[in-house]
Amino acid sequence: MSTSAKLRKLLLSAGLAAALTGTATVAADAAPAKPRQSQARAEAVFSNRVANFNVCNPCRWPNPRHQINQIADEIIKYRPQVIALEEICVGETRRLRDVLADRGYRYYVAHGSVDSTARNCFPYGSSYGNAILSAAPLTNKVNRPYPDGGSEPRGYVAADTTVAGKKVRVFATHLAQAGQSKVRAKQVDQLLGSVGGYQDAIVLGDFNADPKYSEMQPMWNQFRDADPACGPSRNRPPCQPTANASPYRKKFDYIFLRKTGTLSAPSLGVHDNYSDHDLVHADLSSG
């Protein structure tokens, strides 16, 4: 189901459809808040852990502020060095960063806005898309909407950071919803064109596509998933599904590592939560 369809269903049930109005803004990232001294004993993040999480924008209703705490709970539970988030707004991302800081976890933020809509972001402004949170500074940030987003605007955000003591280029993306294979194929081509020659690129995201879908083949030509059971001919168990999709749960959420790179994933996890997507993480090693 598309984000807008899921949102309409929830809004109708909550009687909030008329509440979504506002003006569009696209805001830049601000400096991360410093953890409060009372939280100095918070457990350290795993410096080699990366994760992906589609936070389910419609799940914000009827209490958007509660969902920020839910997202923070998931991040603190698994404590990744880097996490990519889909279906999140700039204002929500900033508030999430501050909530994490209040609980002793300092994250830097790169946001990739692809849509200006108060409908998806009320009451946190109107810039909606993807985000990268990193415990190490993020530099050389790039935000690119796809020229053809399909039924909803889609895109990717990228930045340089450090994982497992190694400088890497991280890409976070969200491809067109199910039923738009040709659109996703064009988006994959654009994404790979930007990934280019980054040897240790890490590509995170909700691809809305099973591993066996034809539009995924260009990704498999250059990358492998952190889950070794998943691949172009393997989309059922032991390949772990990550999303609630009809008629059965599917593998939509990926942590892609360059085949020719120096990073490997000795361990990983797929974690159920409040969202319609599981949080997925991988612990990486270099060399």
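1. What is the pairing when the bonded cysteines of the protein are numbered in sequence order? The pairing goes 1-2, 3-4, 5-6. A search through the whole structure turns up 3 disulfides. Before going further, keep in mind that this is a predicted model.

2. Start with Cys56 and Cys59, which are joined by a disulfide with an S to S distance of 2.1 Å. The torsion about their S-S bond is about 75 degrees, so this disulfide is right-handed. On the burial side, Cys56 is buried at 3% relative accessible area, while Cys59 comes out at 24% and counts as partly exposed. The cut-off that matters here is 20%, since buried means under that value.

3. Next, Cys89 and Cys121 form a disulfide, again listed with S to S at 2.1 Å. Cys89 sits in strand 2 and Cys121 in helix 4 (residues 118-121), so the bond ties together parts that are 32 residues apart in sequence. The S-S torsion for Cys89 and Cys121 is about -90 degrees, which makes this disulfide left-handed. Cys89 is buried, with a relative accessible area of 0%, and Cys121 is buried with a value of 0% too.

4. That leaves Cys230 and Cys239, with S to S at 2.0 Å. Their S-S torsion is about 100 degrees, so the disulfide is right-handed. Cys230 and Cys239 are both buried.

5. On to the hydrophobic packing. In soluble globular proteins, nonpolar side chains tend to be buried together. In this model the largest nonpolar core has 22 residues, and those with the most contacts inside it are Ile75, Ile83, Leu85, Ile88, Leu96, Leu100 and Leu133. Two or more residues each come from strand 1 (46-54), helix 2 (64-78), strand 2 (80-89), helix 3 (90-102) and strand 4 (127-134). Helix 2 gives the largest share of this core, 6 residues. There is also a second, separate core of 21 residues, which includes Ala110, Ala226, Ile255 and Leu257.

6. Which residues does Leu96 touch, leaving aside its neighbours within four places in sequence? Leu96 is in contact with Ile68, Ile71, Ala72, Ile75, Leu85, Ile88 and Leu133.

7. The buried residues in helix 3 are Val90, Glu92, Thr93, Leu96, Arg97, Val99, Leu100 and Ala101. Note that Glu92 and Arg97 are on that list along with Leu96 and Leu100. The cover over the buried residues of helix 3 includes helix 2, strand 2, strand 3 (108-116) and strand 4. After helix 3 comes Gly104, which has a positive phi, near 100 degrees.

8. Now the charged pairs: the count comes to 13 salt bridges. One of them joins the side chains of Lys186 and Asp148, at 2.8 Å from N to O. Lys186 lies in helix 5 (residues 181-195) and Asp148 in the loop between strand 5 (139-145) and strand 6 (155-163), so this pair ties together parts that are 38 residues apart in sequence. Lys186 is partly exposed, with a relative accessible area of 48%, and Asp148 is partly exposed as well, at 29%.

9. The last pair on my list is Lys251 and Asp225, whose side chains form a salt bridge at 2.9 Å, N to O. This pair links distant parts of the chain: Lys251 is in the loop between strand 9 (223-225) and strand 10 (253-258), Asp225 is in strand 9, and the two are 26 residues apart. Both Lys251 and Asp225 are buried.

Notes:
Residues numbered from 1 in each chain as written. Predicted model: local features only at pLDDT ≥ 70, side-chain atom pairs only at ≥ 80, totals over all residues. Heavy atoms only, no water. Core = buried A, V, L, I, M, F, W, Y, C linked by side-chain atoms within 4.5 Å. Buried < 20%, exposed > 50% of the residue type's maximum accessible area, 1.4 Å probe, protein only. Helix = DSSP H or I, 4+ residues; strand = E, 2+ residues; numbered from the N terminus. Contact = heavy atoms within 4.5 Å. Salt bridge = Lys/Arg side-chain N within 4 Å of Asp/Glu carboxyl O. Disulfide = S-S within 2.5 Å.
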